[in-house]
Amino acid sequence: MEYKTLASEILDGVGGRGNILSVIHCATRLRFKLKDNQKADTASLKRHPGVIMVVESGGQFQVVIGNHVSDVYLCLLDVAGLADCADATNQDGDDEKKGNILSRFIDIISGIFTPLLGIMAASGILKGFLALALTCGWLVDTSGTYKVLFAASDALFFFFPVVLGYTAGKKFGGNPFVTMAIGATLVHPSMIAEFNAMQNADYQTLHFLGIPITFINYASSVIPIIFSAWLSSRLEKPLNALLHINIRNFFTPLLCLCITVPVTFLLIGPAATWLGSLLANGYQLIYGLNASIAGALIGALWQVFVIFGLHWGLVPLMINNLSVLGHDTLLPLLVPAVLGQAGAVLGVLLRTRDMKLKGVSGSALSAAIFGITEPAVYGVTLPLKRPFIFGCLGGALGASILGYYQTTIYSFGFASIFTFTQVIPPSGVDNTVWAAVIGTLIAFIFATAASWAFGIPQQDNAAEEPPSGTSPQTPRRSSEAMSQLAISSPIDGTVLPLDRVNDQTFASGLMGKGIAIKPQVGRVVSPVNGTVASLFKTLHAIGLESEEGAEILIHIGIDTVKLDGQYFTAHIKTGDVVRQGDLLVEFDYQAIEQAGYDTTTPIIITNSENYVDVLPATADTVQEQGALLTLIR
């Protein structure tokens with residue numbers, strides 16, 4: 001229910017179903033293509049407690065929500081009525097032509113590879129563990145156990161033309177099963193047998209309608225099937241227009257196969273293979289000029305590429321290197337960049353006393369260690385600025401060491417702690433592996449130490465750490481005068497400390513400092529003069545921003561989101577300007593309690609980190625508009 005509610009509110013935030021051209025998801029983001037980005041309420045989405053960040057990049061409107069993105073994505077498809085939106089076209093069936101060449105290229109690549117990221121990472125990790133098992137003597141490559149697991153780890157990459165045929169067909173708007181069949185043709189056993197036979201001196205060249213065929217081993221290839229899928233998808237529309245509706249369902253696929261497959265073997269395949277070899281050899285040439293400098297640049301800039309979505313342009317290059325060369329030196333350089341941001345988050349986690357920031361940092365740290373850095377970047381390091389810079393500098397230091405020793409990877413996957421197993425060469429552990437370990441540790445330790453020492457601005461440290469001998473609730477005095485902001489009570493009722501709320505998210509202070517009220521009446525009024533920043537679709541929670549900048553969340557009851565708005569009546573909407581005492585929401589608290597829900601209402605200052613302290617009222621009960629919270633600035 002919580003995911004469904006979040007999905008509904010994100011759908012509203014992006015401008016509704018009618019504004020969506022397509023949506024996919026990666027490890028932490030919903031990636032929308034919208035008809036009009038101006039119709040999206042970016043500011044409201046950024047303020048939403050379930051959204052980490054909103055990014056517009058590469059022709060996509062990206063909503064970063066964290067590791068539960070797949071669950072929210074499925075709810076979004078359900079709420080929006082999208083049966084299949086891995087690359088949904090708009091309601092008019094028009095192709096999306098927005099953006100410059102670079103943004104369109106990034107969009108195409110991300111659309112093709114994003115659905116495969118999870119299984120690609122899993123296959124690469126399994127290959128890495130098998131290499132480790134061979135090195136340590138736990139397995140031998142002639143055993144049945146090894147062969148079965150190796151086949152499981154290698155199958156995706158061997159049959160890459162098949163799976164890429166499917167995702168590319170969907171991305172280009174064609175029949176994905178036709179393009180998948182074209183990919184399967186490229187790796188059909190008879191075609192591979194012809195390629196192997198070409199190596200014999202007495203091989204007789206085969207012809208297609210009199211044109212000689214050059215057979216190539218397309219196993220694990222990337223570029224040929226993408227071009228072939230594009231051609232097949234472009235053929236479908238004119239063929240459907242020419243053919244009668246009664247026969248087009250089988251004649252269009254037939255003609256697409258009969259045209260695209262020969263063109264692929266005669267023209268697209270050889271040309272794309274040449275292009276792939278050119279890219280791989282060109283990268284090797286550039287990398288060979290000065291591998292240390294190349295490593296430092298990649299290590300420093302990788303997270304910047306991720307922020308702007310430019311990293312997708314390098315993913316095909318890494319996979320192409322593995323296909324053409326059998327190894328890749330670009331992917332290992334990303335490990336210090338990723339673990340550098342993890343180290344920066346750890347430094348913040350160890351330094352800060354703010355419970356909300358600690359909670360976000362702890363979650364982001366675990367995700368970053370396993371290769372997912374968006375929660376760390378958008379939730380912790382980038383907002384604080386300095387830790388992000390220290391993470392990038394650490395990545396540069398570590399990656400320069402990997403570049404100097406030319407650390408190489410032998411299977412694709414996420415850059416994470418698992419990558420150490422994937423850089424083990426067939427001959428066993430050598431200096432390149434130890435360079436990966438040492439370089440990454442340097443990146444991690446440097447970013448941790450620098451972020452701990454300098455990552456949080458000094459005034460924030462002073463605000464978070466009261467001197468010894470003072471009460472935790474006594475504001476720290478400094479040479480600068482401090483002011484107070486009074487927040488009145490929005491409800492009549494009994495006052496409860498926040499740690500007694502029967503919800504760990506509120507009780508732990510992760511959402512911010514505040515207080516709770518057990519209501520004795522069924523109405524909520526505005527505690528400040530300000531603006532309605534958000535009103536949840538289920539009406540159980542209101543976000544306010546006071547004229548002085550305080551951000552206030554009033555959450556009526558615990559788990560009342562499950563009531564889906566029943567027993568609630570709103571008298572305001574998002575964006576309304578309100579005065580202290582204005583009626584916001586009415587609710588039937590007795591009916592809510594009879595339905596089995598706790599009506600305890602937390603009132604949270606969600607930007608508590610901007611204040612020296614948030615002091616709750618000491619009385620046991622409070623009247624509507626009575627004194628409730630004092631914010632020390």
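**Exercise 1.** Classify cysteine 258 as buried, partly exposed or exposed.

*Solution.* Start with the cut-offs: buried means under 20% relative accessible area, exposed over 50%, and partly exposed in between (1.4 Å probe, protein chains only). Cysteine 258 has 48% relative accessibility, so cysteine 258 counts as partly exposed.

The structure is a predicted model, in which local features need pLDDT of at least 70 and side-chain atom pairs count only at pLDDT 80 or more, while totals for chains, interfaces and linings use all residues. Residues are numbered from 1 along each chain as its sequence is written, and side-chain values use heavy atoms, with hydrogens and water left out.

**Exercise 2.** Find how many disulfides the structure holds, then examine cysteine 258.

*Solution.* A disulfide is a pair of cysteine sulfur atoms within 2.5 Å. Searching the whole structure gives zero disulfides. For cysteine 258, the nearest cysteine sulfur belongs to cysteine 256 and lies 9.5 Å away.

**Exercise 3.** Describe the surroundings of strand β2 and the strands that pair with β2.

*Solution.* Strands are DSSP runs (E, at least two residues), numbered from the N terminus; two strands pair if DSSP finds at least two bridges between them.

1. In β2 (residues 29–34), six of the six residues are buried, so the strand is largely enclosed by the rest of the structure.
2. Arg29, Arg31 and Lys33 are buried on one side, and Leu30, Phe32 and Leu34 on the other.
3. β2 pairs with β1 (residues 20–25) in the antiparallel sense over five bridges; valine 23 stands opposite phenylalanine 32.
4. β4 (residues 60–64) runs antiparallel to β2, joined by four bridges, and valine 64 in β4 stands opposite arginine 29.
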